[in-house]
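Reader: I'm new to this one and would like to talk through its charged contacts. Could you take me through them slowly?

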Amino acid sequence: MSATSSSPSPVAGVEREQWSGQLGFLMAAIGSAVGLGNIWRFPGVAYTNGGGAFMVPYIVALLAAGIPILLLDYATGHRYRGSSPTALRRISKRFEWLGWFHVMICFVIMTYYAVIVAWSLRYMLFSLNTAWGSDAGGFFNSYIGLSELPDSGSPSYSAQPVLGVVIPLLLVWVFGLFTIARGVSRGVEKANKIFLPLLVVMFMVLVVRALLLPGATEGLNELFTPNWSALGDHRVWMAAFGQIFFSLSVGFGIMLTYASYLRPRSNLVGTGLVAAFANSSFELLAGIGVFSTLGFMAHSEGVGVADLEGISGVALSFVTFPTVISEMPGGPLFGVLFFGSFAMAGLTSFISIIQLVSAGVAEKFGWPTLKATLVTGIPSAVLSFVLFGTSSGLYDLDVVDAFINNIGVVASALIVCVGLGLVLRRLKVLQRHLNLVSETRLVRGWWRLLVAVVIPVLLGVMFVQTVWSYATEGYAYARSFEAVFGWGMLFVVAVGTVVLTAVPWRTPVDDFTPADLDVLEGVK
């Protein structure tokens with residue numbers, strides 16, 4: 001079947017796109033999973049949660065939560081042939097709202113995700129002449145127009161645009177919308193086939209260079225020396241499950257939507273295993289590269305790695321690494337490789353987020369891909385500029401990201417597992433589907449047990465702890481600021497979910513044939 005071939009759509013009378021083949025889907029799935037969090041989150045989480053010992057709960061979390069939820073997403077999207085709202089409605093009309101909850105979460109995420117990618121693109125250019133000089137922290141604050149904290153110790157919203165952020169941000173949005181508007185095979189798949197191999201090559205070169213730096217061994221020892229006593233701390237285990245959960249982009253509709261574009265007979269289980277282990281392998285590679293570099297920095301300053309600040313998040317990428325780049329031989333090339341890899345990892349994830357939103361709207365309103373992309377993408381882009389392309393953008397982003405991910409995304413995955421596993425009891429049907437269309441089979445009931453019982457318990461603990469903490473202690477800023485950008489953004493997501501669910505379908509969404517029945521009838 002050619003790259004432009006189609007199969008019956010979730011919308012009667014309309015042709016639905018497909019990936020050109022299993023490889024195209026696999027690269028898109030890996031591209032979505034490998035994102036900013038792999039580079040700037042995993043090394044810090046591993047380091048602060050037992051070092052080498054962290055790999056034990058990390059692997060357990062991958063096998064017990066990451067892969068099972070990933071397969072749940074694949075089975076749901078593939079069997080019910082639609083984006084998240086379409087597939088969940090076909091399972092039960094009572095759960096259509098959850099699909100629109102996914103859409104609204106991704107609508108918000110893409111507003112600020114684009115900004116971080118824009119920063120990395122600009123820093124790739126800054127690396128050519130190490131424009132930050134000897135004060136990487138001050139340079140970053142100046143670049144993003146970061147306003148000083150007021151006397152109250154909490155930021156307030158500023159509408160002052162930052163030109164240095166707005167220009168690359170515009171480029172990121174143009175790329176994202178153009179890619180999605182071209183469709184699944186001609187847009188998303190081709191972009192991943194270009195950027196993913198380039199990302200791997202560039203990052204491999206970066207890691208090899210980092211390993212050859214003086215002090216690299218000390219950095220690796222700091223990362224991988226196991227603190228076995230940490231395994232007795234429940235917070236280390238929760239951190240491992242949280243890292244796997246967020247890293248794989250599961251439970252909030254992205255992988256579900258991607259799987260819906262596969263042919264009726266596709267090796268879902270085998271592809272899921274490859275995608276999951278490829279994502280974790282890249283995280284491990286990122287940890288090696290980051291801590292080799294931090295080892296060099298500690299060696300240059302004559303201190304221990306443990307004495308360094310900024311080993312994760314924004315500080316790692318835009319303060320610590322630029323500082324290292326200024327001190328190391330061949331720093332400009334290293335900087336281009338690092339920020340180029342960072343940008344490409346972000347872009348492949350960014351387009352997967354837009355795809356979910358665009359596909360859901362297109363299917364409900366019967367719009368062509370171009371129209372749905374523009375109708376959803378332009379408002380999100382405007383919010384991106386207004387909220388995060390300003391001098392208070394970093395503060396705004398920090399709060400929105402914390403509340404949307406730690407509350408919204410976790411709640412989404414929790415409801416998916418409980419809803420499909422315990423309320424609707426669809427896991428036997430979905431396991432049968434996975435086994436029918438895949439070369440690798442799920443045996444017995446361990447997958448259903450994990451999805452319906454084990455994962456909801458773990459996610460439930462994470463959810464309750466986070467909500468209680470944010471409600472009683474706050475996140476990191478004044479309650480008024482968090483009320484607007486944290487709880488307020490969750491309220492916007494809830495309202496959007498209700499509105500989109502209430503709007504009548506303009507297409508006969510319930511008229512479809514499950515993919516596994518097509519397989520039984522011999523469709524290839």
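Author: Glu189 and Lys193 both lie in helix 9 (residues 184-211), four residues apart, which is about one turn of the helix; helices here are DSSP runs of H or I with at least four residues, numbered from the N terminus. The model is a predicted one, where local features need pLDDT of at least 70, side-chain atom pairs count only at pLDDT 80 or more, and totals for chains, interfaces and linings use all residues. Residues are numbered from 1 along each chain as its sequence is written, and side-chain values use heavy atoms, with hydrogens and water left out.

Reader: What does Glu189 form with Lys193?

Author: Glu189 forms a salt bridge with Lys193, with the closest N and O atoms 3.0 Å apart; the term stands for a side-chain nitrogen of Lys or Arg within 4 Å of a carboxyl oxygen of Asp or Glu.

Reader: Is Glu189 buried or exposed?

Author: Glu189 counts as buried at 2% relative accessibility, while Lys193 is partly exposed at 36% (buried is under 20% relative accessible area, exposed over 50%, partly exposed in between, with a 1.4 Å probe and protein chains only).

Reader: Changing topic, how many salt bridges does the structure hold?

Author: The structure holds five. One of them joins the side chains of Lys364 and Glu96 at 3.0 Å, N to O, and this pair links distant parts of the chain, with Lys364 in helix 15 (residues 331-365) and Glu96 in helix 6 (residues 96-126), 268 residues apart.

Reader: And how accessible is Lys364?

Author: Lys364 has 0% relative accessibility and counts as buried, and Glu96, at 3%, is buried too.

Technical notes: Helices (H or I, at least four residues) and strands (E, at least two) are DSSP runs, numbered from the N terminus.
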